Amino acid sequence: MLSNAIAEWDKRILQNRDVFLKVEVGELEATDGITPMDVVARILNNQPSSLMWIDEKVRLFFHIFIFLSLS
């Protein structure tokens, strides 16, 4: 389960990197009133919540591990 969460996180990082690269070289165009910089701002705004989600999962698995090791 944790490995799936980490794999999903890695996938998102790579997708975000691709978006940043497209913005940097001017390959990403505005669509539906959303500019490339709007896309970048959304990605950056989501990073803290994504990190908090991963931290929550790590804490959960840590507590499960401790519980199982004490059983």
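**Briefing on the predicted model**

Helix 2 has a kink of about 30° at Gln47, shortly before the proline Pro48. The model is a predicted one. In it, the protein has two helices and zero strands. Its radius of gyration is 17 Å, well over the 11 Å that the globule rule gives for 71 residues, so the protein is more spread out than a compact globule.

**Overall dimensions and surface**

- Taken along the principal axes, the box filled by the C-alpha atoms of the protein is roughly 55 × 15 × 15 Å.
- Of the 71 residues of the protein, 14% are counted as buried.
- The protein has an accessible surface of about 5800 Å². Carbon and sulfur atoms account for 63% of that surface.
- The protein carries 7 positive and 10 negative charges, and the mean positions of these two sets lie 7 Å apart.

**Helix 1**

- Helix 1 covers residues 2-24, and Trp9 is found in this helix.
- Trp9 has a relative accessible area of 15%. Buried means under 20%, so Trp9 is classed as buried.
- Trp9 and Ile54 are 45 residues apart in sequence, yet their C-alpha atoms are 8.4 Å apart in space. Ile54 belongs to helix 2 and is also buried.

**The loop between the helices**

- Thr35 is located in the loop between helix 1 and helix 2.
- With a relative accessible area of 33%, Thr35 is partly exposed.
- From Thr35 to His63 the separation is 28 residues in sequence and 43 Å in space, C-alpha to C-alpha.

**Helix 2**

- Helix 2 comprises 35 residues, namely residues 36-70.
- The buried residues of helix 2 include Pro36, Val40 and Ile43. Ser50, Ile54 and Lys57 are buried in helix 2 as well.
- Asn45 also lies in helix 2. Its relative accessible area is 61%, and the cut-off for exposed is over 50%, so Asn45 is classed as exposed.
- Asn45 and Glu8 are 37 residues apart along the chain, and a distance of 18 Å separates their C-alpha atoms.

Note on methods:
Residues numbered from 1 in each chain as written. Predicted model: local features only at pLDDT ≥ 70, side-chain atom pairs only at ≥ 80, totals over all residues. Heavy atoms only, no water. Helix = DSSP H or I, 4+ residues; strand = E, 2+ residues; numbered from the N terminus. Rg over C-alpha atoms; globule rule 2.2 N^0.38 Å. Buried < 20%, exposed > 50% of the residue type's maximum accessible area, 1.4 Å probe, protein only. Areas by Shrake-Rupley, 256 points an atom, 1.4 Å probe, with all protein chains shown as cover. Lys, Arg positive; Asp, Glu negative; His and termini not counted. Charge placed at Lys NZ, Arg CZ, Asp CG, Glu CD. Expected span 1.5 Å × (residues − 1). Bend = angle between axes of the 7 residues up to and from the residue.
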